Amino acid sequence: MLRNLLGKTTIDSLSANGFNISYNPVCVQSVRWRRKPRWIPKAKTKIFRIPNHKPLLPEETHEWLRINNNYKLQMNSVRAFFREEVMNKKKLIAQGQTPADEEAEFERCKSINDEWNQEIANIRDARYARIMKKRCEKLETSLDHLERIKELQMTKIEERVRIQKEKSTTFITRKNIDQAIEHALSNQVDFNFSIDLQGNIYKGDEKPGSVAKKEAN
Amino acid sequence: MPFMVGKAPIRRTLRYLESGKLVLKDKIKIFSINYNTYGNHHKGARSFVFWNLPQLQYKNKAVQVVTFRNITPSPFIKCYYDDGKQILIDIDSRTNDEILSHLIKVVGKSLDTLEAEAIAAEKKDNPANFGVGCARSCMCEIPGQVPCPGVLPLPFHMRGKHRHANKN
């Protein structure tokens, strides 16, 4: 029957094979006949019908039952076994493992992770040591540099102080101010001179202060 | 319609997201990662966040995935379990791939578990299946098959009573 279905529409092949199916675009399949009700009498064509049952040999029946029972038992047991296995697997997947198993699993993962963390900690410590070393070296060089600068500054300052000390002998203080005034008054400097390109100085005949006297006169 | 948005838009494609390998265990609820945007020893962590975090979130829609940037000097991942347990995973100076493989070992579901779950899911997904728990309970409901005799009577040549009666 099914071979006819190749290349033909389903409804056509079903109709051809004895199913009472009409070609309805709206496929409404309702129950056509369920069972004859108890209160309806037997059909006239069927009242005197005697079904001819084949005579069954008891030994054959016994043997058939034995074989059948054995087979059914085996099949059902195998089916039940598979059903249980699938259920157990589903349970495992749904619930996860038992609490003890979960704890064990967690501990296992934790130990793997701790090893990994330890490796990384070693790498990190090595890196920090290198950084520390570099920083110390850098600081040392900068300290040396600072010291050298300080020394330079000190030498400069000392030089300046020495020069000033030398000059201090000619300074005018409160003690020698009178002497200094008398000296300045007695030795007046005459700026009335000319100088040529070769640097020869030509001093004048007149004394300082004499021009003013002349104008007064 | 925004199509190729962002730096590496392949990360937004379904194919890329589906190919994520890390499926976290059911007990893990929060996955947090601390990393910096500078520093050579954070490079692997940055790559992981850029390339693998979308896949991780796609595969674990119920897990809270959170990132903390420029807070701690060294990068690490912390997973928080349902029952209050935590696991700290240091990822200093490790590459993207190393981090991923380690995570799969420590906090991810194994391949066997994933396969079993896939099979279980397939059973529910396949619309062609019929029987208990499926859309169609009997073969007779499938179009093209022999309809149920409870709905439509079988043709005479398939009825036992008719065949036996005719013989006599």
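Biologist: How many salt bridges does the rule find across the interface of chain B and chain A?
Modeller: This is a predicted model, and side-chain atom pairs count only at pLDDT 80 or more. Over all chains, the structure holds 15 salt bridges. Across the interface of chain B and chain A, the number found is seven.

Biologist: Which elements of chain B each supply at least two residues of the side that touches chain A?
Modeller: Polar contacts link chain B and chain A through 12 residue pairs, both residues at pLDDT 80 or more. On the side of chain B that touches chain A, three elements each give at least two residues: β4 (86–90), α3 (96–107) and α4 (111–125).

Biologist: How many nonpolar residues has the side of chain B that touches chain A?
Modeller: In total, 35 residues of chain B contact 30 residues of chain A. By class, that side of chain B has nine polar residues, nine charged residues and, as for nonpolar ones, 17.

Biologist: What area do chain B and chain A bury between them?
Modeller: Interface size is often given as the accessible area lost when the parts come together. Here 59% of that area lies on carbon and sulfur atoms. The total buried between chain B and chain A is about 3000 Å².

Biologist: What is the N to O distance of the salt bridge between R124(A) and D90(B)?
Modeller: R124(A) is buried because its relative accessibility, 15%, is under 20%. The side chain of R124(A) meets that of D90(B) in a salt bridge. The N to O distance is 2.8 Å.

Biologist: Where in chain B does D92(B), the partner of R124(A), lie?
Modeller: D92(B) is buried, at 1% relative accessible area. R124(A) and D92(B) form a salt bridge, their closest N and O atoms 3.2 Å apart. This pair crosses between chains: R124(A) is in helix α3 of chain A, and D92(B) is in the loop between β4 and α3 of chain B.

Biologist: Which residues of chain B does R127(A) touch?
Modeller: R127(A) sits in helix α3 (residues 99–167) of chain A. R127(A) is buried, with 13% relative accessible area. Setting aside residues up to four places away in sequence, R127(A) touches H41(B), D92(B) and S93(B).

Biologist: How far apart are the end C-alpha atoms of α3(A)?
Modeller: α3(A) has 69 residues. At 1.5 Å a residue they should span 102 Å. The model agrees: the end C-alpha atoms are separated by 98 Å.

Biologist: Which parts of chain B are included in what covers the buried residues of α3(A)?
Modeller: Buried residues in α3(A) include F106(A), W116(A), I120(A), R124(A) and R127(A). The cover over the buried residues of α3(A) includes, from chain B, β3 (76–81), β4 and α3.

Biologist: Why are R66(A) and E63(A) separated by about one helical turn?
Modeller: R66(A) forms a salt bridge with E63(A), the closest N and O atoms being 2.7 Å apart. R66(A) is partly exposed at 42%, and E63(A) is partly exposed at 35%. The separation is about one turn because, in helix α2 (residues 58–95) of chain A, the two are three residues apart.

Biologist: What is the phi of S93(B)?
Modeller: Most residues other than glycine have a negative phi. S93(B) lies in the loop between β4 and α3 of chain B, and S93(B) is partly exposed at 33%. S93(B) is not a glycine, yet its phi is positive, at about 55 degrees.

Biologist: Which backbone oxygen does the side chain of T72(B) reach?
Modeller: T72(B) lies in the loop between β2 (64–69) and β3 of chain B. T72(B) is buried, at 18% relative accessible area. Leaving aside neighbours within four places in sequence, T72(B) contacts N34(B), N36(B) and H42(B). At 3.1 Å, the side chain of T72(B) reaches the backbone oxygen of S74(B).

Notes:
Residues numbered from 1 in each chain as written. Chains lettered and ligands numbered in written order. Predicted model: local features only at pLDDT ≥ 70, side-chain atom pairs only at ≥ 80, totals over all residues. Heavy atoms only, no water. Helix = DSSP H or I, 4+ residues; strand = E, 2+ residues; numbered from the N terminus. Buried < 20%, exposed > 50% of the residue type's maximum accessible area, 1.4 Å probe, protein only. Contact = heavy atoms within 4.5 Å. Buried area = accessible area lost by both parts, 1.4 Å probe. Salt bridge = Lys/Arg side-chain N within 4 Å of Asp/Glu carboxyl O. Polar contact = N/O pair within 3.5 Å; in protein donor to acceptor, adjacent residues only side chain to side chain. Nonpolar A, V, L, I, M, F, W, Y, C, P; charged D, E, K, R; others polar. Expected span 1.5 Å × (residues − 1).
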